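Please open the structure in a viewer and follow the selections below in order. Each stop names what to select and then describes what is found there.

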Amino acid sequence: MKRYPVRTLIRIIVALVLSVVITAPAYAEVTEIRIARQPGLVYLPIMIIEQDHLLEKEAKKRGLGDIKVSFFVFNSGGAAVDALISGNADIVTSGATNLLTAWSATKGTPLEIRGVAGNGALPMFLLSRDPNVKTFKDFSAADKIAVPTVRVSTQAIVMQMAASKAWGDADAHRLDQYTVAMGHPDALLALETGKDVNAHFSLPPYQYQELKIPGVHMVLNSIDVTGGPASNGVSFATTKFHDANPKLIGAFIAAMAQAEDIIKNDKRHAAELYLKDTKEKLTVDELVKIMSDPNFVYSTAPQQSMKFADLMFRAGTIKNKPTSWKDYFFPEVYGLKGS
């Protein structure tokens with residue numbers, strides 16, 4: 001996968017925005033919606049929406065009739081954002097850091113990207129199979145750390161937050177040079193075989209499987225850096241799509257809330273749907289145990305996303321500084337206790 005510096009990535013996003021604005025027809029209240037996500041338990045609400053057909057049911061309640069809902073899976077947030085900007089997806093679920101990058105790059109344009117709803121805020125483990133790496137400060141040029149998207153994924157930003165705390169804002173990007181872009185399932189296999197990478201900033205459920213690999217150990221827990229669960233999954237869309245489809249946006253938020261209620265009240269059913277979707281080699285009991293961690297938060301309200309925004313602005317990753325999480329979310333969720 002080709003890697004771009006952040007400034008180049010932002011230029012690409014802006015160029016795509018301008019091309020779509022010029023060539024795309026105006027949206028109407030659509031009869032088909034395309035939703036993208038990434039692999040992992042963070043995106044469980046989207047899987048439940050798909051398999052229990054929650055969005056179709058909610059759309060019908062709102063007088064939209066029978067709508068077609070298509071779902072796509074991307075291994076990185078960067079690819080998902082590209083699909084959104086290019087008009088190949090309507091709602092994308094990825095990390096809050098990818099939302100912030102896209103929002104800052106498109107702010108003030110007809111395709112300004114904003115959050116529709118929160119999704120998941122789950123702990124992430126930075127893992128290594130190198131016995132010499134015992135703490136975050138021990139990483140060096142000898143290491144290759146897998147992250148979904150270099151520099152702007154939630155994992156990359158948490159590393160920058162940790163580096164900023166350890167060495168100051170000027171060195172927030174110190175460990176970026178050791179990261180490589182790799183989807184979580186591929187990173188799990190790479191860490192297991194010892195090829196391509198020797199570390200992975202992982203995500204549930206993969207991190208729990210990786211800890212069973214001989215020699216693999218936890219170096220950092222994201223919870224210790226962010227001070228609690230922080231949104232590593234949020235759903236977002238362009239302003240143009242949002243404004244043209246208010247009923248469908250409302251249906252999506254309602255479906256998301258229902259999916260999160262299912263996770264809270266019937267973890268076994270949620271786990272069964274996850275395994276039906278992913279075919280991953282885990283048992284329902286294993287997943288239920290993982291999901292019972294009190295640091296697993298599924299909420300339509302974003303969690304601690306402003307901590308990411310503050311660091312990203314200080315470190316120069318985004319050029320627009322939000323004053324509140326409401327700057328980069330749509331009004332439908334303003335009444336929730338977000339952050």
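This is a predicted model: local features need pLDDT of at least 70, side-chain atom pairs count only at pLDDT 80 or more; totals for chains, interfaces and linings use all residues.

Next, display the side chains of β5, which covers residues 125-128. F125 and L127 point one way, while L126 and S128 point the other way, and all are buried. In a regular strand, side chains alternate between the two faces of the sheet.

Now extend the view to the whole sheet. What is the order of its strands? The sheet is open, its five strands are arranged as β7-β6-β8-β5-β9, and the pairing is mixed. The edges are formed by β7 (179-181) and β9 (217-221), each of which pairs on one side only. On average, neighbouring strands of this sheet are turned by 25° against each other, direction ignored.

Move to β6 (residues 145-147), which runs parallel to β7 and is joined to that strand by three bridges. Here A146 stands opposite V180 in β7.

Finally, select the helices. Helix α7 (residues 184-193) packs on the sheet and touches β6 and β8; the direction of α7 makes about 155° with that of β8. Helix α6 (residues 154-167) lies across β6, β7, β8 (199-201) and β9, and runs at about 125° to β6.

Terms used: Residues are numbered from 1 along each chain as its sequence is written. Side-chain values use heavy atoms; hydrogens and water are left out. Two strands pair if DSSP finds at least two bridges between them. Helices (H or I, at least four residues) and strands (E, at least two) are DSSP runs, numbered from the N terminus. Axes are lines fitted to C-alpha atoms, for helices over the stretch in contact, and angles run from 0 to 180 degrees between N-to-C directions. Contact means heavy atoms within 4.5 Å. Buried means under 20% relative accessible area, exposed over 50%, partly exposed in between (1.4 Å probe, protein chains only).
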